[in-house]
Amino acid sequence: MKVIVLKNKKEVGDYVSKIIIEAINNKPNLVLGLATGSSVIPLYKKLVKEYKKGNVSFSKVRTFNLDEYLNVKKTQSYRYFMDKHLFSKINISKKNINFPTSNFKDYESKVKKFKIDIQILGIGRNDHIGFNEPGSKFNSKTRKVKLSKTTMKANSRFFQSLNNTPEFAITMGLGTIMNAKKIILIALGSKKAKAVAKAVNSKMNEKIPASILKKHKNSLFVIDKKAAKKL
Ligand code: GLP
């Protein structure tokens, strides 16, 4: 696991987008694993900017999103987030976009078949990745999960109240994520400092889902100064 600390969120977005664009330019049908959340917005902004400049084409790129809520309004879904921040602004083909659904076994097989070249991750304040909450098995696969109260509280900012915040989701498992050839975790801001320090400095432990990334040969944390504060 390698850790790169940069000045701010713009630098983080620019850095990760450069890796992705180079990879697509070397392999136009690259398979990308994508995440949602505020941490990845600077990255998606930069990818859109570079696409508009003609520096990258997504026409053959295939994507697999990490997770999705169950039983939410369309506008609150992660699919909506992705359409808004990335898919509607680039030349990706709709048929190449993949999202987990309640048919999660099929999703697991499809991810296995196509093999993710680069998996982008955020990190939860309790060290979750995707929606793999503390206690998730290191060999877990795509499945339905119940969200912890901590995660629901953190996510309630996107819903009217905690009562309206979804309790269930489908997520790629930790085992699914670890099959990606390269993994890049993005963390921004001081609210993530504790989670980052735990993932980097603790022994691998199922109570700290992100600590599994230590075992991956090609995993990279790209974080800003504030998220690195407790390292
Ligand atoms: C949610 C998502 C995660 C994401 C996390 C952090 O829980 N399921 O995939 O990493 O939020 O989000 P943010 O980047 O908004 O802090």
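This section describes aromatic pairing, the surroundings of one asparagine and a nonpolar surface patch in a predicted model.

Seven aromatic pairs were found in a search of the whole structure. One of them joins Tyr-69 and Phe-159 in an edge-to-face arrangement, with 5.5 Å from centre to centre and 80 degrees between the planes. Tyr-69 belongs to strand E4 (residues 67-69), whereas Phe-159 is located in the loop between helix H5 (149-155) and strand E8 (168-171); the pair therefore ties together parts that are 90 residues apart in sequence. Both residues, Tyr-69 and Phe-159, are buried. They also belong to a cluster in which ring pairs link Tyr-69, Tyr-78, Phe-131 and Phe-159.

Asn-98 is placed in strand E5, which spans residues 97-98. The relative accessible area of Asn-98 is 6%, and the residue counts as buried because this value is under 20%. A polar atom of the Asn-98 side chain lies 3.4 Å from the backbone oxygen of Asn-96. When residues up to four places away in sequence are not counted, Asn-98 touches Arg-62, Thr-63, Phe-64 and Asn-65, together with Tyr-107 and Lys-110.

On the surface, a nonpolar patch is formed by Met-1, Val-3, Val-5 and Leu-231, which together have about 280 Å² of accessible area. Val-5, one of the patch residues, is found in strand E1 (residues 2-6).

Note on methods
Residues are numbered from 1 along each chain as its sequence is written. This is a predicted model: local features need pLDDT of at least 70, side-chain atom pairs count only at pLDDT 80 or more; totals for chains, interfaces and linings use all residues. Side-chain values use heavy atoms; hydrogens and water are left out. Helices (H or I, at least four residues) and strands (E, at least two) are DSSP runs, numbered from the N terminus. Buried means under 20% relative accessible area, exposed over 50%, partly exposed in between (1.4 Å probe, protein chains only). A polar contact is a pair of N or O atoms within 3.5 Å; within protein, one must be able to donate a hydrogen and the other to accept it, and residues adjacent in sequence count only if both atoms are side-chain atoms. Contact means heavy atoms within 4.5 Å. Patches are made of residues with over 30% relative accessible area and no salt bridge: like charges are joined within 9 Å, nonpolar side chains (Val, Leu, Ile, Met, Phe, Trp, Tyr) within 5 Å. Accessible areas come from the Shrake-Rupley method with a 1.4 Å probe; for residues, only the protein chains shown count as cover. A salt bridge is a side-chain nitrogen of Lys or Arg within 4 Å of a carboxyl oxygen of Asp or Glu. Rings of Phe, Tyr and Trp (its six-membered ring) pair if their centres lie within 6.5 Å; planes under 30 degrees apart count as stacked, over 60 as edge-to-face and the rest as tilted.
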